[in-house]
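Please open the model in your viewer and keep the selection tool at hand. The stops below are meant to be taken in order.

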Amino acid sequence: MTTRNNVPDATKTATAAHALTRIDPRVPHPARVYAYWLGSKDHYPADREAAEEVAAHRPQVVTGGICEHVDADLRDPEKILAEAGRTLDLTRPAAVILTAVLHFLTDADDPAGVVAAHAAALAPGSFVAISHLTSDFAPDAVTAGVAVYNALVPAGITARSHAQVTALFGGLRLVAPGIVPVSEWRPGHAPVHSVSADLYAGLASTRRPADHTITS
Ligand SMILES: C[S@@+](CC[C@H](N)C(=O)[O-])C[C@H]1O[C@@H](n2cnc3c(N)ncnc32)[C@H](O)[C@@H]1O
């Protein structure tokens, strides 16, 4: 069987495998095609041609986005925000996604303060997402697991209760369904797994409840 370009499928398969392991500028490579969509400079004409053809059929794939890496500790929001602000326009709505990371901060690190500092830098209409380890669903097993982990890894982790995870959001306005087991977020979606992931998840708008007060 041949494709519309008259290239046998078997040849295409072999070419695809080859393209993933060797640099051949004549053959589009997924990383370079993606790099083209992201606005990077690292691609060849074959990559650009493939990227343009796909985009012609499905323009949504072209994000025009930029991916940058900030080398900073979460406990240093000032540095993160300063460096992120070089790439992101923080005067426009943005999202801070803190998935499975705040449990690496101890209470002494003031994780709620870290969340608040990030949220304070966001424009109205922005969101903060958090997922966080909890022992609420399996207290003995998770507490034992945390103890073993903390005995082996100096930085340690902290499982937090529903109330403690709620407190991390401070005064931010939670989006329904609130803070729930991660597999139950969000409404209209049945839990993916019957076994708990031992994580809570929540999403909040950076607008505070007071922002919604109707004044005449
Ligand atoms: C379980 S992974 C979660 C990664 C990612 N957020 C996700 O949801 O797939 C935890 C990550 O938190 C990072 N981490 C732990 N403590 C941190 C800190 N104080 N500042 C920044 N990153 C930290 C670790 O390096 C690791 O990459």
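Predicted model: local features only at pLDDT ≥ 70, side-chain atom pairs only at ≥ 80, totals over all residues.

Residues are numbered from 1 along each chain as its sequence is written.

Helices (H or I, at least four residues) and strands (E, at least two) are DSSP runs, numbered from the N terminus. Of the 216 residues, 21% are buried; a residue is called buried if 20 or more other C-beta atoms lie within 10 Å of its own, exposed if 12 or fewer, and partly exposed in between, with C-beta atoms placed from the backbone.

Next, select Val-115, Ala-119, Val-128, Ile-130, Leu-168, Phe-169 and Tyr-200, which have the most contacts inside the largest nonpolar core, a set of 23 residues. Such a core consists of buried Ala, Val, Leu, Ile, Met, Phe, Trp, Tyr and Cys residues joined through C-beta atoms within 7 Å. The elements giving two or more residues to this core are helix H5 (111–120), strand E2 (127–133), H7 and strand E5 (199–205), and the largest share, five residues, comes from E5. Now centre on Val-115, which, if residues up to four places away in sequence are not counted, touches Leu-98, Val-128, Leu-168, Phe-169 and Gly-170; contact here requires that the C-beta atoms of two residues, placed from the backbone, lie within 7 Å.

Move on to helix H2 (residues 30–38) and helix H3 (residues 45–57), whose axes come within 9 Å and cross at roughly 65°. H2 is therefore roughly perpendicular to H3, a term that covers angles of 65 to 115 degrees. To see where they meet, show Arg-32, Val-33, Tyr-36 and Trp-37 in H2 together with Asp-47, Arg-48, Ala-50 and Ala-51 in H3.

Finally, select Thr-158, in the loop between helix H6 (139–152) and helix H7 (162–168). Is Thr-158 buried or partly exposed? Thr-158 counts as partly exposed because there are 19 C-beta neighbours inside 10 Å. Leaving aside neighbours within four places in sequence, Thr-158 is in contact with His-103, Thr-106 and Asp-107. Thr-143 lies 15 residues from Thr-158 in sequence and 9.4 Å away in space, C-alpha to C-alpha.

Definitions and conventions:
Axes fitted to C-alpha atoms, helices over the stretch in contact; angles between N-to-C directions. Parallel < 35°, antiparallel > 145°, perpendicular 65-115°, else oblique.
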